[in-house]
Amino acid sequence: MHAVRLRLAHAWRPFRQASPTARFLVFSGVAITVSFVLVAFVGDAVYPYGGTQYQVEAGAGTEQLDRLAEPSAEHPMGTTRDRYDVLARVIGGARLALSVVLFSTLLAMGVGVPLGLLSGYRGGRIDRLLVTLMDAVYVFPPLLLAIIVAFMLAAYLQPGVPSAAAAVGVVYIPQYFRVVRNHTLSVKEEPFVEAARSLGAKQRTVVTRYVFFNVVQSVPVIFTLNAADAVLTLASLGFLGYGVQPPTPEWGYDISQAVIDITAGVWWTAMWPGLAIVLLVTGLTLVGEGLNDVVNPLLRSRGLAGVKIGPDHALVAGHGQEETSDPATTGGTVGDR
Amino acid sequence: MSRGSLRRYLMARVALTVPMLLILLTIVFLLLRVAPGDPIRATLGDRLSAEQIEERRDELGFNDPMLVQYGRYLVGALTGDLGNPVTDRRTTTEVIADTFPATFELTAFAMSVALVVGVGLGALSGRLRDTPFDVGGRLFGIVIYAAPIFWLGILAQLYFSVNLGWFPTGGRVSGFNAPEAVTGFYVLDSVLTRDWAALRTTLHHLVLPGTTLGLVFGGIFIRFVRVNMLQTLRADYVEAARARGVAERAVIFRHALKNALVPVVTIVGLQFALLLGGAILTERVFSWPGLGTAILNFLGARDYVGVQGIITFFALVVVVISLAIDVVNGLIDPRIRY
């Protein structure tokens, strides 16, 4: 218990030391992201309309919703050409975006992290092959890659969350691979890894226990930055018609449907889903940027919040390294003891 | 650093592009064979009889063993033969020749906007760290990048074209004002043929899509230049310059900014691939007859041959760009050597 509290305090320290700007950015980012999660998963239960609902029960029969109704008390963001309530679709789009982002980054991590570990730890020919492969994927225009994967998957799968998540996820594999591989390269030369090896630890143990837990720390920053980008990629796919199956609410698809409304002076069908994208991506980016600022101490400003650059700082960093390298205090093993 | 090491670096880098190109081409080849059936059936399956399909398959070599097809594809890709689309009378190479200039003009315009906005605001933000200007600049960078290009494009159309009537809603020129075709690059062609009316309408059409695309990428540059500026402003040589009494302006521009821009070369190159992707969306919104439009048309027609040809072209471009970045980096930064 004490160890856990110590670790929490340790993890918190960079936040307390970060500049007020960095802290402000992280906290507003977290606030935005959390509100989106709430809207996505609670809003649905509270809001009277569904994302694909175009009629309501009225007495004995049903009554259709108005077409292209202006924002009003009844429909705060108006209705679409297909009689859907825009706010309900924005809520549904949030749920879809968040689930696709979650599954796509899980996929990218699931492939990128193990391959990066393998490549960095093994080295040699397999490393060269994987690096070239990943570089080739990395330099390719990501949106185009996602489109092609979505296009090909459409031959096998009904377009939905799994296929969209796969198309979006493929794009981010090389980033996890790169970061994890490079980090593994440096960690495997650390004395504690050598110590573990010389004590006769199996290669498996060395990689999963000692290398993995050190390397995995760099993943959250990439995760938040990728998550922001993934929202945009999904929306772009949807806009081009390679997202999920209509009429599932999806921001990009909804904007593509709103293009014709614009010439008629109808702005609310395009405006709200777009603003939702901007807000969610901004929130996620702020978290990522802020984390980056906090985790990457070189960028921390001098004098502010009492952080000193120089020998003192190196000491702090060295201490952190030491502590995390001790298997007794690494996150994954605390619970075991 | 001796001259020999630079030559060794360049040669090693060029040698590295071979496996990269091979892997990319192989991925493209395999990716488009993942789908069941074949291009003929996918495109024309409901319009031709079984015999006709078989005939077309033979004609286009889809009945050959996979390895033969692969070999033919590789040789074709490297010799500029990118296949014959099923749904277009032109060869893929001709389609690219017709559409690439439009995409190039759009991306070049966008890149200039991105650099001006990104380097300007980024350097200022870095210099004025933690002031309201910095917070504003960073937020602008983040928010503009967070905005989907197609959404910004639609809003720009709504406001500047529909409401104000300042710019056309789409296309490369209005009416039949295209300059006489020399190279296909309208800006260049109209200058070559001294057709100033064509130049005017070309630039007029470029402003909205180019600025939309450029602003979004400017957002990335702002963040990147700012961070680099922060790092160089802290470097010893900047401090040394200040200690020598060099004027603050000169410190910022000659010493800090110049060095802060070195890594930007890499980012510009990397963003170019992203920019090509962004161009697909921009082209869709502004009915811009470029490569993005071409590939979307082929995708819509399920024309695998056309899709494969254009992606192959993208792959070639991307490999050349990444080679160019590394060569430029090697030339300007003597520390980068193998």
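The structure is a predicted model.

Chain B is built from helices. It has 14 helices and 0 strands. Along the principal axes, the C-alpha atoms of chain B fill a box of roughly 85 × 60 × 40 Å. Of the 338 residues in chain B, 41% are buried. Contacts in chain B with a separation of 6 or more were also examined. Residues 24 or more positions apart account for 73% of these contacts.

Chain B is divided into two parts, domain 1 and domain 2. Domain 1 takes in residues 1-87 + 301-338. Domain 2 covers residues 101-299. Taken over C-alpha atoms, the centres of the two domains of chain B are separated by 29 Å. The domains touch through 16 residues from domain 1 and 13 residues from domain 2. On the domain 1 side of this contact, 11 residues are nonpolar, 3 are polar and 2 are charged.

Helix H6 of chain A spans residues 161-187, and helix H9 of chain A spans residues 219-240. Their axes come within 10 Å and cross at roughly 150°. Angles over 145 degrees count as roughly antiparallel. H6(A) and H9(A) are therefore roughly antiparallel to each other. Their crossing is right-handed. H6(A) brings A:Ala164, A:Ala167, A:Val168, A:Val171, A:Tyr172, A:Gln175, A:Tyr176 and A:Val179 to the contact. H9(A) meets them with A:Val219, A:Ile222, A:Asn226, A:Ala230, A:Thr233, A:Leu234 and A:Leu237. By class, the contact of H6(A) with H9(A) has 12 nonpolar residues, 3 polar residues and no charged residues.

The two chains also touch each other. The contact takes 38 residues from chain A and 38 residues from chain B. On the chain A side, five helices each supply at least two residues: H4 (124-139), H5 (142-153), H9, H10 (251-263) and H11 (268-295). H11(A) gives the largest share of this side, with 8 residues. The side of chain A that touches chain B divides into 27 nonpolar, 10 polar and 1 charged.

Note on methods
Residues are numbered from 1 along each chain as its sequence is written. Chains are lettered from A and ligands numbered from 1 in the order in which they are written. This is a predicted model: local features need pLDDT of at least 70, side-chain atom pairs count only at pLDDT 80 or more; totals for chains, interfaces and linings use all residues. Domain bounds come from an automatic or database domain assignment. Two residues are in contact if their C-beta atoms, placed from the backbone, lie within 7 Å. Ala, Val, Leu, Ile, Met, Phe, Trp, Tyr, Cys and Pro count as nonpolar, Asp, Glu, Lys and Arg as charged, and the others, Gly among them, as polar. Axes are lines fitted to C-alpha atoms, for helices over the stretch in contact, and angles run from 0 to 180 degrees between N-to-C directions. Helices (H or I, at least four residues) and strands (E, at least two) are DSSP runs, numbered from the N terminus. Angles under 35 degrees count as roughly parallel, over 145 as roughly antiparallel, 65 to 115 as roughly perpendicular and the rest as oblique. A crossing is left-handed if the near helix is turned anticlockwise from the far one by less than a right angle, and right-handed if clockwise. A residue is buried if 20 or more other C-beta atoms lie within 10 Å of its own, exposed if 12 or fewer, and partly exposed in between; C-beta atoms are placed from the backbone.
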